[in-house]
Amino acid sequence: MSAQDGSHRRVTPAEHDDGTAHILHVDMDAFFASVELLDHPELRDRPVIVAHDAPRSVVTTANYRARRFGVRSAMPVAMAKRMCPGAALLPPRHGLYRAASARVMHILAEFSPLVEQVSVDEAWIDVSGAHGLFGSSGAIAERIRERLRAELGLIASVGVAPVKFAAKLASGMCKPDGLLIVNRSELQGFLDALPVGALSGVGEHTRDRLSRYGVSTVRQVRELRYPRLVRMVGEAMARMLSERARGRQTDGVTPVRAERSIGREVTLPEDLSDSREILATLSALVEGPSRTLRAQKLLARTVTLKLRDADFQTISRSHALSVPTDTTQVLVEAARDLFIGCGWDRPTRLVGVRFTGLVSAEDAPARDVLWGEEDRWRAADVASDEITQRFGTESMVRATALRASRRRSR
DNA sequence: TCTGGGGTCCTAGGACCC
DNA sequence: TCTGGGGTCCTAGGACCC
């Protein structure tokens, strides 16, 4: 409460830093809403919700003024509106946020080459090598916050700790507009007091499981014997929990991580029952991620179809191709085959497609030795990519998708 | 109030190979 | 004649994060 109206700002003075914490976690406060406010200064003092104003839509971000009314991310917009009728509702503009994100990351990169971007609005920075130039970790954290505010008009909270996960915990705890430094000697005490659910990776399910054994704090996790923990939550989760509970983390700040999958999914405005329409939606859906594959010079090995029915039952079906591809037609056919093969006949709420098993197109065997039909489809892709690049993605629509949309509008 | 869309990672069973 | 065990890949489902 006090932190939310700014009267007790949670800022550790930089002098608290004793030189044992070198990882910063920078987390932008209410990022999308803050970026929108730069464009809408007249809304500065009002509750602002970033979300599509549609029946099945959920809240993407809300500013702190709206959060006071109980509005939260992922909450249905209908509910948010009822909780906070005076809020301004702004549709998300992801291009704008990506651009702002790039400016943020650009500033961070000036302090250290070791910047790991986690999402649009978050990054870890390892400043071990930066003290000579910029001073202590605490001092660097302060300078970063000042520059983001002065140059971009954006507020960030920063956590400083000896390991990544603790830095992230710290930034979360001093939000908004805060700075929290956790020195090595303070780390165990800091962790012990936390509920397990505070750890990233521990959600509702794991929390419930642990609570059935009477375990609810990080300290209790630390005091469990390892085999028992494994029985409770499984091997990988146990390993992670056991390490974190002791303040340990082996992986450091890794600047670039290769993408593992590319996909797209849509929740339809109304449930669809006609399988021809679902197929048409699916075909159109494949276009975007296929283009992304080609733009990033990647090939996909596996195609996964995702379907959700009116009762929220969700299934997935996947198929590994014999040869990785980036050809839209091949990917469309794989997706269609999966749909036809699974015998789905329920009213459909969501359709999705995802490509995994990504490999670099450069590493793949040269495909100009291939012959026949796929070559012609590839030529069509090249032409279509050129057109969409010049005139936008709306300019090209697969004929099957077009027929479906005509059918719907009749 | 009725549940988005972009992802990552893990589990578990079965096939297949050595 | 019956049977071990480990590794890897594929598939389906689910937990989790922002």
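**Entry 1: aromatic rings.** I looked for ring pairs and found 3 aromatic pairs in the structure, which is a predicted model. I took Phe-31 and Phe-32 to begin with: their ring centres are 6.1 Å apart and their planes meet at 55°, so I noted the pair as tilted. The angle decides the label, because planes under 30 degrees apart count as stacked and those over 60 as edge-to-face. Are Phe-31 and Phe-32 buried or exposed? I checked, and both Phe-31 and Phe-32 are buried.

Next I turned to Phe-32 and Tyr-97. This aromatic pair is stacked, with 4.1 Å from centre to centre and 15° between the planes. Put together, Phe-31, Phe-32 and Tyr-97 form a cluster linked by ring pairs.

**Entry 2: charges over rings.** I then searched for charged side chains above aromatic faces. Arg-67 has its charged end over the ring of Tyr-64, 4.3 Å from the ring's centre. I also noted Lys-164, which lies over the face of Trp-124 at 4.6 Å from the ring centre.

**Entry 3: helix α12.** I picked out helix α12, which spans residues 235–245. Which of its residues are buried? I listed Ala-238, Met-240, Leu-241, Ser-242, Arg-244 and Ala-245. What do these buried residues pack against? I found five partners written down: α7 (164–173), α8 (184–192), α9 (204–212), α10 (218–223) and α11 (226–233). After α12 comes Gly-247, and I noted its positive phi, near 75°.

**Entry 4: the whole chain.** Finally I stepped back to chain A. I counted 16 helices and 13 strands there. Its C-alpha atoms fill a box of roughly 70 × 55 × 50 Å along the principal axes. Of the 410 residues in chain A, 44% are buried. For contacts with a separation of 6 or more, I saw that 67% come from residues 24 or more positions apart.

Conventions
Residues are numbered from 1 along each chain as its sequence is written. Chains are lettered from A and ligands numbered from 1 in the order in which they are written. This is a predicted model: local features need pLDDT of at least 70, side-chain atom pairs count only at pLDDT 80 or more; totals for chains, interfaces and linings use all residues. Side-chain values use heavy atoms; hydrogens and water are left out. Rings of Phe, Tyr and Trp (its six-membered ring) pair if their centres lie within 6.5 Å; planes under 30 degrees apart count as stacked, over 60 as edge-to-face and the rest as tilted. Buried means under 20% relative accessible area, exposed over 50%, partly exposed in between (1.4 Å probe, protein chains only). A charge sits over a ring if NZ of Lys or CZ of Arg is within 6 Å of the ring centre and within 35 degrees of the ring normal. Helices (H or I, at least four residues) and strands (E, at least two) are DSSP runs, numbered from the N terminus. Contact means heavy atoms within 4.5 Å.
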